[in-house]
Amino acid sequence: MSIEIRQLTHIYDAGTMGEIKALDKIDLTIKKGNVFGLVGGIGSGKSTLASLIAGLEKPTGGRITIDRQPPCPGRNVGILFQQPEDFFFEKTLFRDMTSGLLHSGLAEDEVNERINSTLDLAGLDRQILDQSPFHLNRGTLRLAAFASVLAMRPRVLILDEPTASLDPMSRKRMVEVVEHISGDITIIYISHRLQEVIDVSQHLAVLDKGNVTFTGTRSGYLDWAAEQYGGEFLPVLSQVMYSLYRQGFDVDPDVTCLDDAVEQIRLSLEKT
Amino acid sequence: MIRMYGHGRSYMHLLDPRTKLALMVGVSLLIYSARPSGLGVLLGFVLLLSRTCRLPYTRLIQGLRPMLIFFVVIFLTHVLFTSGEPLFEGLPVPSLEGVIVGSVLVLRFILLILYTSIMTYTTSPSGLNYALMFFLRPLGTFGADLAFMTGTAMTLIPGLFREKDIITKAQVARGYKPRGLKGFTALVVPLLLRSFRRVDELSDSLESRCFHSKRRYYYYRKTLAKRDYAGVGIYVVLVVVILFFF
Ligand SMILES: Nc1ncnc2c1ncn2[C@@H]1O[C@H](COP(=O)(O)OP(=O)(O)OP(=O)(O)O)[C@@H](O)[C@H]1O
Ligand SMILES: [Mg+2]
């Protein structure tokens with residue numbers, strides 16, 4: 001399952017004086033079964049790209065294919081929007097999560113099975129199904145919204161700032177679930193939190209004013225960012241490792257896990 | 001209609017919002033009083049305006065869509081309730097007069113909406129609000145409140161449409177079809193929820209910045225430019241042409 005994006009352009013309000021070029025002829029290839037991080041400043045076009053990959057909007061120009069098929073929402077691709085916890089509206093969470101699936105033509109047994117298994121995946125207690133979505137806390141609701149998109153069994157899943165405005169505990173759980181499910185499905189992970197994106201994704205792309213300014217592996221990104229901004233926006237751990245590396249310590253500047261970093265520093269100190 | 005504002009620097013964009021609002025009222029009167037042939041001139045003129053401010057015709061016409069049922073009802077009422085020369089032998093309605101009267105009235109409404117669209121497309125909500133405020137000055141505090149309320153509503157509306165877009169997409173992604181009663185609830189409940197929250201935030205932020213309805217909040221004054229007088233001139237020419245030559 002790879003996603004091919006060729007010469008993709010998207011212009012809002014095309015043909016009027018207020019037209020906004022949100023994406024400008026971008027090319028990207030997103031490989032199967034990975035977490036692909038998408039970062040970039042405010043208004044750089046991330047959410048636009050997400051909508052287009054999800055097939056929810058038609059691009060002004062260019063082409064997107066998922067395994068050579070056009071994207072079809074609810075079929076081969078799913079998307080979790082910003083602040084998805086607002087989208088619940090039924091009396092109970094159960095009805096909310098099931099009726100969309102029933103709507104799309106699945107049998108009842110199948111729906112129940114899917115809901116239960118995705119709740120397990122998301123690490124949620126099945127008992128919350130009987131509660132009103134308006135009484136659950138934001139973190140739980142966010143995970144439930146996540147589960148409700150997962151229950152559509154997409155092969156590509158787009159997460160648009162899944163951890164924004166969550167408390168650290170809920171955020172950690174969200175990231176854990178993402179790591180847990182990746183491998184089976186291709187995930188596109190959009191976030192302003194660099195640390196998080198670097199933690200979860202194997203490949204990254206950077207958008208800037210509708211252009212792709214970087215695409216490559218995680219370590220490639222760390223090198224690129226270090227060169228570009230002197231690593232200023234990188235996670236503290238990466239900054240420390242880069243600094244040590246530049247001062248001649250024998251460490252790998254691209255480690256992202258604290259334990260590995262400590263181990264490397266220890267080894268390199270022993271050597272000197 | 002209201003969500004159509006598009007930034008630009010055309011003649012229409014640069015006109016003072018007060019001039020545009022006043023001319024809009026003037027044009028409405030003209031639409032109301034012109035004869036059918038005069039309506040043709042007004043239609044030509046609005047298409048010309050749309051050209052000069054680079055609003056594509058498709059977008060201009062899109063503004064009519066929400067009013068379609070209204071047009072049909074008006075047209076049918078006139079066709080069915082105006083007596084006159086019958087179109088079909090033996091049937092009292094529809095009459096030729098009914099069809100003509102109905103069509104002309106619908107055309108008047110269409111023109112009204114097209115001109116309003118041009119105005120909203122070329123005037124930012126805050127500009128429109130300023131103009132409204134200006135003309136409501138004689139009403140004192142009440143006028144200020146009125147202008148403030150419409151202004152606030154107008155700034156919130158484009159956000160509402162964008163929100164509606166996002167919610168529809170999000171629900172489709174969860175398997176809901178944007179049709180039927182279920183599709184409707186799936187859209188409306190979250191939309192209300194988000195709107196209430198936004199309005200709540202807005203009122204909190206106003207309060208925290210010491211907003212009181214008793215005070216005046218519009219301080220900037222602009223003098224009219226030459227193009228505003230030119231705009232009024234064009235309007236006068238239009239009035240003369242339509243009322244005396246058509
Ligand atoms: N529905 C829309 N209509 C018109 N313009 C839009 C619409 N959605 C986005 N835009 C514009 O397109 C550009 C890209 O927006 P987009 O939402 O894709 O950016 P983003 O990278 O997701 O930003 P953020 O980090 O704030 O979420 C922005 O200039 C934005 O104002
Ligand atoms: Mg976004």
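## Salt bridges, a sheet and a magnesium site

Let's start with A:Asp120, which counts as partly exposed because its relative accessibility is 40% (buried means under 20% relative accessible area, exposed over 50%, partly exposed in between, with a 1.4 Å probe and protein chains only). Its salt-bridge partner is A:Arg126, with 2.7 Å from N to O (the cut-off is a Lys or Arg side-chain nitrogen within 4 Å of an Asp or Glu carboxyl oxygen). A:Arg126 is partly exposed too, at 41%.

This is a predicted model: local features need pLDDT of at least 70 and side-chain atom pairs 80 or more, while totals for chains, interfaces and linings use all residues. Residues count from 1 along each chain as written, chains are lettered from A and ligands numbered from 1 in written order, and side-chain values use heavy atoms, without hydrogens or water.

Over all chains, the structure holds 22 salt bridges. Here are some of them:

| Salt bridge | N to O distance |
|---|---|
| A:Asp24 and A:Lys21 | 3.6 Å |
| B:Arg174 and A:Asp96 | 2.9 Å |
| A:Asp120 and A:Arg126 | 2.7 Å |

Take B:Arg174 and A:Asp96, whose side chains meet in a salt bridge. B:Arg174 sits in the loop between α8 and α9 (180-208) of chain B and A:Asp96 in helix α2 of chain A, so this pair joins two chains (helices, H or I of at least four residues, and strands, E of at least two, are DSSP runs numbered from the N terminus).

Now for the metal. The magnesium ion (ligand 2) has A:Ser47 (OG) and A:Gln82 (NE2) as its protein donors, 1.9 to 2.7 Å away (donors are N, O and S atoms within 2.8 Å of the metal, or 3.2 Å for Na, K and Ca; water is not among the atoms, so sites may look incomplete). A:Ser47 belongs to helix α1 (residues 46-53) of chain A and A:Gln82 to the loop between β5 (77-80) and α2 (93-103) of that chain, so the two tie together parts 35 residues apart in sequence. A:Ser47 is partly exposed at 31%, and A:Gln82 is partly exposed at 33%.

Strand β5 brings us to the sheet. In chain A, 6 strands make an open sheet with mixed pairing, in the order β5-β6-β7-β3-β8-β9 (strands pair if DSSP finds at least two bridges between them). Its edge strands are β5 and β9, each pairing on one side only.

Strands β6 (residues 156-160) and β7 (residues 186-190) of chain A run parallel over 5 bridges, with A:Val156 partnered by A:Thr186 in β7(A). Between β3 (residues 35-40) and β8 (residues 203-208) of chain A, the pairing is parallel over 5 bridges, and A:Gly37 faces A:Leu204 in β8(A). β8(A) also pairs with β9 (residues 211-217) of chain A, antiparallel over 6 bridges. Here A:Val206 stands opposite A:Phe214. The hairpin of β8(A) and β9(A) has 2 residues between its strands, and A:Lys209 takes a positive phi near 50° in it.

One last stop is B:Gly140, in the loop between α7 (125-135) and α8 (141-173) of chain B. B:Gly140 is partly exposed, with 36% relative accessible area. Its C-alpha lies 41 Å from that of B:Ser103, 37 residues apart along the chain.
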